[in-house]
Amino acid sequence: MDLITLLHTTARSFPEHDAIRYQQRGTPYPAFVQQTRQAARVLKDLGVQPGDNVALMCRNTPGFLQAAYGAWRLGARVVPVNH
């Protein structure tokens, strides 16, 4: 099972639960799924294709997870870059 399928399965099973919590704020699964879809659209518009490497230089924030899942949705590989 891939991470995108797992995300959707969990979102269907627990829609009222938070997918992530950051600074005492939660993001429910349905909202997080939508955010990852939006990230995938942005990356696709930038030309990301299946098999591409996507370098992400981010802090440990929800934005990193949104971008990573967006890349994975497209079949791209995520290359985290630590600053």
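The following questions and answers concern a predicted model.

Me: How do the residues of the contact of α1 with α2 divide into nonpolar, polar and charged?
Reply: From α1, the contact is made by Leu 7, His 8, Thr 10 and Ala 11. From α2, Tyr 29, Phe 32, Val 33, Thr 36 and Arg 37 take part. The residues of this contact divide into five nonpolar, three polar and one charged.

Me: Does His 8 count as buried or exposed?
Reply: His 8 has its place in helix α1. Leaving aside residues up to four places away in sequence, His 8 touches Val 33, Arg 37 and Arg 73. Buried means under 20% relative accessible area. The relative accessibility of His 8 is 18%, so this residue counts as buried.

Me: Which residue forms a salt bridge with Asp 18?
Reply: Side chains of opposite charge can pair when their charged atoms come close. A search of the whole structure finds one salt bridge. Its closest N and O atoms are 2.9 Å apart, and the partner of Asp 18 is Arg 21.

Me: Is Arg 21 buried or exposed?
Reply: Exposed means over 50% relative accessible area. Asp 18, at 31%, is partly exposed. Arg 21 has a relative accessible area of 55%, and it is therefore exposed.

Notes:
Residues numbered from 1 in each chain as written. Predicted model: local features only at pLDDT ≥ 70, side-chain atom pairs only at ≥ 80, totals over all residues. Heavy atoms only, no water. Contact = heavy atoms within 4.5 Å. Helix = DSSP H or I, 4+ residues; strand = E, 2+ residues; numbered from the N terminus. Nonpolar A, V, L, I, M, F, W, Y, C, P; charged D, E, K, R; others polar. Salt bridge = Lys/Arg side-chain N within 4 Å of Asp/Glu carboxyl O. Buried < 20%, exposed > 50% of the residue type's maximum accessible area, 1.4 Å probe, protein only.
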